[in-house]
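Colleague: I am new to this structure. Please take one part of the chain and walk me through it closely.

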Amino acid sequence: MQFENENRFHIESDRKRRLTQAPLDAWVRIERLDGPMDDCRRLADLGFTPGEEISVIHTAPFGDPLVVRVRGAQLALRKREASWIWIE
């Protein structure tokens, strides 16, 4: 039997990842918020809305918290909160 690596079917899903996986100092665009409704509403109130460009500018030694630049402000997010933000 011969098996092929079907990577071509995973291209789109590879581009969409959580904010916790974003590289430092790279601008990324928010695709969606996916977490507890009240917490996602709070993130949206802080400026984390779909279509907005954000950048992770600093991480603590163990990755928690992340410092994120959004709409000209710098905000600290816990890894748990950042994992609710899906980026493209």
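Modeller: Start with Trp 27. Beyond its neighbours within four places in sequence, Trp 27 is in contact with Glu 53, Ile 54, Ser 55 and Arg 69. Contact here means heavy atoms within 4.5 Å. Trp 27 has its place in strand E2. Helices (H or I, at least four residues) and strands (E, at least two) are DSSP runs, numbered from the N terminus.

A word on the basis. This is a predicted model, in which local features need pLDDT of at least 70 and side-chain atom pairs count only at pLDDT 80 or more, while totals for chains, interfaces and linings use all residues. Residues are numbered from 1 along each chain as its sequence is written, and side-chain values use heavy atoms, with hydrogens and water left out.

Now Ser 55. Ser 55 lies in strand E3, residues 53-59. Ser 55 is buried, with a relative accessible area of 3%. Buried means under 20% relative accessible area, exposed over 50%, partly exposed in between (1.4 Å probe, protein chains only). Not counting residues up to four places away in sequence, Ser 55 touches Asp 25, Ala 26, Trp 27, Val 67, Val 68 and Arg 69.

Next, Ile 54. With neighbours within four places set aside, the contacts of Ile 54 include Leu 19, Trp 27, Phe 48, Val 68, Ile 85 and Ile 87. Ile 54 also belongs to the largest nonpolar core, which has 17 residues. Such a core is a set of buried Ala, Val, Leu, Ile, Met, Phe, Trp, Tyr and Cys residues joined through side-chain atoms within 4.5 Å. The residues with the most contacts inside this core are Leu 19, Phe 48, Ile 54, Val 68, Leu 77, Ile 85 and Ile 87. At least two core residues come from each of E2 (27-33), helix H2 (37-45), E3, E4 (66-70) and E6 (85-87). Strand E4 gives the most, with three residues.

Step back to the whole chain. The chain has three helices and six strands. Along the sequence, the pattern reads α-β-β-α-β-β-β-α-β. Buried residues make up 28% of the 88 residues. Among contacts between residues at least 6 apart in sequence, 56% join residues at least 24 apart.

One last detail. The charged end of Arg 32 sits over the ring of Trp 86, 4.6 Å from its centre. That label needs NZ of Lys or CZ of Arg within 6 Å of the ring centre and within 35 degrees of the ring normal.
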